[in-house]
Amino acid sequence: MTSAAPVHPRDVLYQGERAFPILPAVDHYAGSEKLMRKALALQGERGPVFDLTCDCEDGAAAGNEGAHRLLCASIINDADNLFGRIGVRIHDVTHAQWKADMDVLVGEAGDRLAFITLPKARSADDVRTQLDWLRTCETLAGVKRAIPVHVLIESHGALREVWDIARLDRVESLDLGLMDFVSAHHGALPGDAMKSPKQFEHPIIVRAKCEIAAAAHGCGVVPTHNVTTEIRDIEYIRRDAEQARHDFGFMRMWSIHPNQIEPILSAMRPDFSEVEDAIAILCAAQDASWGPTRHRDTLHDRASYRYYWELLARAHATGMALPDAMRHRFF
């Protein structure tokens, strides 16, 4: 008699619940064709350990928006997009081009578009407006999947309604737009609040980061930290990412230069000893059909299994070396 196939953790640990999204720990932004293709080649070499976001908002020159969004669609559809981890940032809801951005990108590349990032939302209603148009675009293009959205929190209104935004259907990530947020204070915050150490010390910035992370975790979406402006000092970049991860609970961070990718990944990876525990606990749990088990004289059940599964999935998403047998089981 053939034994039943092992049950995967995502099929048993979240019954009736929304599983927490497991996204690559780096969201790498590129605006020009040269930088997009350079990042795409790097992703091909490294694997899907970082997302590539093609930038229609800041990447397109004024008057050239149409050609730029077609370029972004062609990058998404390119044969070198091996992992389906390319998203796009469109124009904000007040801009004349945002509907055209979505029309073209969903129409031309909706089946392969990993996500759409919505900038400069002023409220949950702004996000709802763009979500409604996204659904219309999907219907017109015959796209059967629900394309996720990432929402930039960079205005007073968005921060005030961040929990409402995080609860919206399709929202997968809340991204802190620090520079616009600082600018929105009209000089009341110093310019050095856009970088370390002030970005982790100023009470208004600290409050914003804590509120975004709390809303994201409370609603089952990924909190994504703003970019660091340093591109040469690897230790500086790693410290920024480490502080974002360990002090503020951010699970992902923007990158604007290839030099930033590896130090961010390093800072976001789980502790190796915990990964070893996760492997042992999850393998035993799967072998026990996800009933209670014991590991090092500690009892485990589905509550702790969820913790260790998400930790293991994050380790995999950051490119951490994992045993082949375990990769075969779960990935």
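Good morning. A strand, in what follows, is a DSSP run of E of at least two residues, numbered from the N terminus. Thr 53 sits in such a run, strand β2, which covers residues 50–55. Please bear in mind throughout that this is a predicted model.

Let me stay with Thr 53 for a moment. Its relative accessibility is 0%, so Thr 53 counts as buried. The side chain of Thr 53 makes a polar contact of 2.5 Å with that of Asp 27. Setting aside residues up to four places away in sequence, Thr 53 touches Asp 27, His 28, Tyr 29, Ala 30, Gly 87, Val 88, Arg 89 and Phe 115.

Arg 89 belongs to strand β3, and with a relative accessible area of 7% it is buried. Beyond residues up to four places away, its contacts include Thr 53, Cys 54, Asp 55, Cys 56, Glu 57 and Trp 254. With Glu 57 there is also a side-chain polar contact, at 3.2 Å. By comparison, Val 143 lies 54 residues from Arg 89 along the chain, and the two C-alpha atoms are separated by 19 Å.

I turn now to helix α2, residues 33–46. Which residues of α2 are buried? They are Met 36, Ala 39, Leu 40 and Gln 43. Viewed down the helix axis, the buried residues of α2 fall within an arc of 105°, so they line one face. The face turned away from that buried side carries Lys 34 and Glu 45, both exposed. The cover over the buried residues of α2 includes β1, β2, α3 and β3; β2 is the strand of Thr 53, and β3 that of Arg 89. Just after the helix, Gly 47 adopts a positive phi of about 90°.

At its start, a side-chain oxygen of Asp 233 comes to within 3.2 Å of the backbone nitrogen of Glu 235. The buried residues of α10 are Tyr 236, Ile 237, Asp 240, Ala 241, Ala 244, Arg 245 and Phe 248. These cover an arc of only 165° around the axis, which puts them on the same side of α10. On the other side, His 246 and Asp 247 are exposed. Among the elements covering the buried residues of α10 are α9, β7, β8, α11 and α13. The helix is followed by Gly 249, with a positive phi near 80°.

Next, the interior. In soluble globular proteins, nonpolar side chains tend to be buried together. Here the largest nonpolar core has 61 residues, and those with the most contacts inside it are Val 88, Met 102, Ile 116, Val 151, Ile 153 and Leu 174. The greatest contribution to this core comes from helix α9, residues 203–219, with seven residues. Leu 174, leaving aside its neighbours within four places, is in contact with residues including Val 151, Ile 153, Ile 212, Ala 215 and Ala 216. A second, separate core has 22 residues, among them Ala 313, Ala 315, Met 320 and Phe 330.

What of the cysteines? A search of the whole structure finds zero disulfides. The sulfur of Cys 56 has its closest cysteine sulfur in Cys 72, at 3.7 Å; since a disulfide requires the sulfur atoms to be within 2.5 Å, that is too far for a bond. Cys 56 is buried, at a relative accessible area of 1%. Cys 219 is likewise in no disulfide, and the nearest cysteine sulfur, that of Cys 210, is 16 Å away. At 13% relative accessibility, Cys 219 counts as buried.

Finally, some backbone details. The peptide bond from Ser 196 to Pro 197 is cis, with omega near 5°, and Pro 197 lies in the loop between α8 and α9. Arg 170 has a positive phi, near 85°, without being a glycine; it is found in the loop between α7 and β6. Ser 289, also not a glycine, has a positive phi of about 55° and lies in the loop between α12 and β9. Are these two residues buried or exposed? Arg 170 is buried, with a relative accessible area of 14%, whereas Ser 289, at 58%, counts as exposed. Thank you.

Notes: Residues numbered from 1 in each chain as written. Predicted model: local features only at pLDDT ≥ 70, side-chain atom pairs only at ≥ 80, totals over all residues. Heavy atoms only, no water. Helix = DSSP H or I, 4+ residues; strand = E, 2+ residues; numbered from the N terminus. Buried < 20%, exposed > 50% of the residue type's maximum accessible area, 1.4 Å probe, protein only. Polar contact = N/O pair within 3.5 Å; in protein donor to acceptor, adjacent residues only side chain to side chain. Contact = heavy atoms within 4.5 Å. Arc of directions from axis to C-beta. Core = buried A, V, L, I, M, F, W, Y, C linked by side-chain atoms within 4.5 Å.
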